[in-house]
Amino acid sequence: MIKIGRLLESLLQLKYIARESESKGYDESAENGGIVEIEASKCTNCGDCVKVCYTLSIRQVGDSHKVDDSCIRCMLCELICPANAIHLQNTNSETEE
Amino acid sequence: MNKRFPRFYYSPPFSTVNGRVTIDYEIENGGISSPSFCFDNERFNESDSFCKNEYLKNIPLVSRLSFLENHTCEELYSSAIEELNKIDVPEIAKYYRTLILELSRIAGFFLNIYNISSALKFEVARMWSLADRERIQQLIFKVKGNEYFAPYIVPGGVRCAVLSKNMKFIEEEILLIETKLNDYDKLLFQNEFFRMRTAGVGTVTKKEIADYGITGPVARAANVSFDVRKKLPYEIYGNFKTNPHFYSHSDVYDRLLCRRNEISDSIEMLKFIFANIPYEKHFANLDMYEHGQLTVKAGVALKRAEGVNGEFICMLESDGSSKPSNIKFRSPMYHLAGDFIKNLINNTSIDDIDLVLSSLFLIPMEMHI
């Protein structure tokens, strides 16, 4: 009984920790690398990002490109983009002013 | 009396795990005799898989070569390409590179404290070291702004700059960890139980270190003061002068003490970085990248760096095309591990086998037998 009691207690603690992190506005996407975004206004449709993408996650949609969920956020596309149109959101990748 | 032939699993005992280390041994008078070291690893030929890809597409692969030394692999690959292309890296990128290399070194050493505490069933030290490792991982997230295994050190510089507010946060956390090291001293190194369990266990002689080509904290704990950061300084390591430490027994205690002292040295280096980091707008020299390609001039580059476990080497051979003609990484894991570990654990107590292997900080996936 004592063992089961301890197990229940630890599970409740886990629940409490999870709730606490939710209440603090914990953004899981930021910890996991954020979201890769391609700015349509800057994109020149050169196709370099499609060529360099290891997981074939970038595809052309209209005049711009979009990134799907298979992206591993290696950010080679950001490195190679001549128009500087690709960046990570919710992270510190943006330059300081 | 019947002999028993138990099997010790160093890695998880699942057949699906790649890189399983098992040791079959006999027990005689409470000690281990005639151990046989088994290693089960489907080792893929790195050179082949790298040579199929272009230089640029190899960058995320290099980051995933080792779970512990991913930043060291990135540093070696990037610096080899920079040497072949004769590219100068911005000064600020060198500071950022050193920052992340030292942070990952501290995280690695905390993981080793966790391993040894687990082997000894020292629960408090185990939980503390794991929590502190997580704390360092959070700092690495702050630097990279991305996943742990996403590349940060890229040929030409680094992928992104660190915001000044994040830098202040990292500095505060590092100072906090420095104060916590005193608690680790009280918990482990001034603890009589810890000293009794680790002193005189798993002694590695200087001759063994020379014979088996061992580097890193295991060698430094035996007073072999070889450190690539001091002998062949790269990035900004030439600016640091740390006092050498001396150890007397080269046992498990000294090995952990060596790692603890190196955490202090790394913190001193980080303090230097916080105080002297220059302000530059450009953190990467992207002249090499053109039209979705990374071009590398023909030649051979051999780069060496001090990883968490010792000397890490990368050899890169280029014929001027878009793909490398040959590339080879040599990890600091014990290259004659089978023979070395067999000698080391022979005649040790059965209680100490986990402790001795933990103190060597074996990473089965990086080992060659």
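## Exercises on chain B

Glu268(B) lies in helix H11 (residues 252-276) of chain B. The model is predicted.

**Exercise 1.** Determine whether Glu268(B) is buried, partly exposed or exposed, and give its C-alpha separation from Phe240(B).

*Solution.* The relative accessible area of Glu268(B) is 43%. Buried requires under 20% and exposed over 50%, so Glu268(B) is partly exposed. Phe240(B) is 28 residues away along the chain, and the two C-alpha atoms are 8.8 Å apart.

**Exercise 2.** Describe how helices H12 (residues 337-345) and H13 (residues 353-360) of chain B are arranged, and which residues meet.

*Solution.* Step one is the geometry: two packed helices are described by the angle between their axes and the distance between the axes. Here the axes come within 11 Å and cross at roughly 140 degrees. That angle makes H12(B) oblique to H13(B). The crossing of H12(B) past H13(B) is right-handed.

Step two is the contact. H12(B) contributes Phe340(B), Ile341(B), Leu344(B) and Ile345(B), which meet Ile353(B), Val356(B), Leu357(B) and Leu360(B) of H13(B). By class, this contact has 8 nonpolar, no polar and no charged residues.

**Exercise 3.** Assign the side chains of strand E10 (residues 326-330) of chain B to its faces, then describe its pairing with strand E9 (residues 311-318) of chain B.

*Solution.* In a regular strand the side chains alternate between the two faces of the sheet. In E10(B), Ile327(B) and Phe329(B) point to one face and are buried. E9(B) and E10(B) run antiparallel and are joined by 5 bridges. Opposite Asn326(B) stands Glu317(B).

Technical notes: Residues are numbered from 1 along each chain as its sequence is written. Chains are lettered from A and ligands numbered from 1 in the order in which they are written. This is a predicted model: local features need pLDDT of at least 70, side-chain atom pairs count only at pLDDT 80 or more; totals for chains, interfaces and linings use all residues. Side-chain values use heavy atoms; hydrogens and water are left out. Axes are lines fitted to C-alpha atoms, for helices over the stretch in contact, and angles run from 0 to 180 degrees between N-to-C directions. Helices (H or I, at least four residues) and strands (E, at least two) are DSSP runs, numbered from the N terminus. Angles under 35 degrees count as roughly parallel, over 145 as roughly antiparallel, 65 to 115 as roughly perpendicular and the rest as oblique. A crossing is left-handed if the near helix is turned anticlockwise from the far one by less than a right angle, and right-handed if clockwise. Contact means heavy atoms within 4.5 Å. Ala, Val, Leu, Ile, Met, Phe, Trp, Tyr, Cys and Pro count as nonpolar, Asp, Glu, Lys and Arg as charged, and the others, Gly among them, as polar. Buried means under 20% relative accessible area, exposed over 50%, partly exposed in between (1.4 Å probe, protein chains only). Two strands pair if DSSP finds at least two bridges between them.
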